[in-house]
Amino acid sequence: MFIRPVSCPVSENVFRPMSRDSFNHVSSASRDLADDIIRRVANLVSEAEAATKPLELDPYRSQLFELFVMADAAGFVAEDAEIDLTADNLCRELASLWDLTEATQDAMSSQSKIPSEQLGKLRALWSVLRLWMEWDYAWKRWEEFHPRDGK
């Protein structure tokens, strides 16, 4: 599968590799692929934000779906995967990358609004979570509705 290269608004110096503990027990190629998928999702979100377009519309939706397919083909979307790129963990990694936990905790403790930049990222994160979960659900149920014997 070919996925077009994306510009890199998330600089290499800012990107933090995955934080999962079992991540240390897998090949560096798998680690690199998982980090690349996370980086591409983050870049795609940034591109959509810059264009003020929702992720749910093409070209962003189809590019995000290609990244989902890549993660699934690598075995990262399975519940027992050594590298966890399920919707929950992907979004956890993105939230960490964008410091959303700290921003929301600060807003809660000071009883103030979440800064607009972080609020935009939270909305984008919700879109990524929803789309990734929907695709995972549909992907897992494909055989149920498309039996191999043609019945």
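Residues are numbered from 1 along each chain as its sequence is written, and side-chain values use heavy atoms, with hydrogens and water left out. Because the model is predicted, local features need pLDDT of at least 70 and side-chain atom pairs count only at pLDDT 80 or more, while totals for chains, interfaces and linings use all residues.

Helices are DSSP runs (H or I, at least four residues), numbered from the N terminus. Helix 3 spans residues 87-97. Eight of its 11 residues are buried. Buried means under 20% relative accessible area, exposed means over 50%, and partly exposed lies in between (1.4 Å probe, protein chains only). The buried residues of helix 3 include Leu90, Leu94 and Leu97, and also Asn89 and Glu93. Aspartate 99 follows the helix, with a positive phi near 55°.

Threonine 86 sits in the loop between helix 2 (60-73) and helix 3. Is threonine 86 buried or exposed? Threonine 86 counts as buried because its relative accessibility is 18%. Its side chain makes a polar contact with the side chain of aspartate 84, at 2.6 Å. A polar contact is a pair of N or O atoms within 3.5 Å; within protein, one must be able to donate a hydrogen and the other to accept it, and residues adjacent in sequence count only if both atoms are side-chain atoms. Leaving aside residues up to four places away in sequence, threonine 86 touches Phe76, Val77, Ala78 and Trp132. Contact here means heavy atoms within 4.5 Å.

**Aromatic rings**

Rings of Phe, Tyr and Trp (its six-membered ring) pair if their centres lie within 6.5 Å; planes under 30 degrees apart count as stacked, over 60 as edge-to-face and the rest as tilted. By this rule there are six aromatic pairs.

| Pair | Type | Centre to centre | Angle between planes |
|---|---|---|---|
| Phenylalanine 65 and tryptophan 135 | edge-to-face | 5.1 Å | 70° |
| Phenylalanine 68 and tryptophan 135 | tilted | 6.0 Å | 45° |

Phenylalanine 65 in helix 2 and tryptophan 135 in helix 5 (residues 116-145) are 70 residues apart. Phenylalanine 68, also in helix 2, is 67 residues from tryptophan 135. Phenylalanine 65 is partly exposed at 28%. Phenylalanine 68 is buried at 0%, and tryptophan 135 is buried at 14%. Phe65, Phe68, Trp132, Trp135 and Trp139 make up one aromatic cluster.

Definitions and conventions. Helix = DSSP H or I, 4+ residues; strand = E, 2+ residues; numbered from the N terminus.
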